[in-house]
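Good morning, everyone, and thank you for making the time. I would like to walk you through one model today, beginning with a single stretch of chain and finishing with the contacts between chains.

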Amino acid sequence: MENKIKEYREKKGISQGGLADLCNVSRQTINAIENNKYDPSLQLAFNLAKTLGVTVDDLFLSEGEIEK
Amino acid sequence: MKTRKLGAIIIGTATLIVVGYSIFKFITEREFGFNEVITIGALLMMFFSAITWGNKEEKDGILPEEELGQMIMEKSSKVSYFVLVFFILIAVAADKMVNGTVNIFLLGILGLAMVILPFVEFLIAKKYQWVC
């Protein structure tokens, strides 16, 4: 699943490590999610969205949305 | 130096020393037994654990308790299971070729290893089955 975490994170001026601290995960987890190597759990997806001030729908793109 | 790196260096050095000593002992006394296998196994287990997992305080890697760590453990458990079953199969075949007979305990372990995954899957699946 693709996502816009990097885009929103950079807009907010937060580093990967900073976002990781705010969501209680490691920097490597954020890096893996940003590079589409790992799909986060629903709970982490909500935490990321809340931290970045957007909705889960804005942050993650389903396969149908990518094709459009 | 970070604890993770230091730990890996210490355990890696200890492993090399034990492996070196075991090879020396095998060459000189033709002896390689339970103690050597268990010590080398335990040291390698600690070494790989030290180079894989990070430390929460030092923030130097993936933590085993976070969800990515849990996913890594689940995936590696399943891969390890299949590798282990394959090695047991090889051991049974090698035993048959070298000794002409099959070790009954090894054969029992192979049978158990083959059935244990579907059986555990069955038990776990039961937890999620919806009863009308």
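When I say helix or strand, I mean DSSP runs, with helices being H or I over at least four residues and strands being E over at least two, numbered from the N terminus. Please keep in mind that this is a predicted model, in which local features need pLDDT of at least 70 and side-chain atom pairs count only at pLDDT 80 or more, while totals for chains, interfaces and linings use all residues. Residues are numbered from 1 along each chain as its sequence is written, and chains are lettered from A and ligands numbered from 1 in the order in which they are written.

Residues 5-59 of chain A are 69% helix and 0% strand, with the end C-alpha atoms 6 Å apart. An unreviewed UniProt entry annotates residues 5-59 of chain A as "domain: HTH cro/C1-type", although such annotations may be inferred rather than shown by experiment.

The largest nonpolar core has 9 residues, among them A:I5, A:C23 and A:L48; a core here is a set of buried Ala, Val, Leu, Ile, Met, Phe, Trp, Tyr and Cys residues joined through C-beta atoms within 7 Å, and buried means that 20 or more other C-beta atoms lie within 10 Å of a residue's own, with C-beta atoms placed from the backbone. Both α3 (27-34) and α4 (42-52) of chain A supply at least two residues of this core, and α4(A) gives the largest share, 3 residues.

Turning to the contacts between chains, 8 residues of chain B are in contact with 10 residues of chain A, contact meaning C-beta atoms, placed from the backbone, within 7 Å.

How values were computed. Two residues are in contact if their C-beta atoms, placed from the backbone, lie within 7 Å. A residue is buried if 20 or more other C-beta atoms lie within 10 Å of its own, exposed if 12 or fewer, and partly exposed in between; C-beta atoms are placed from the backbone.
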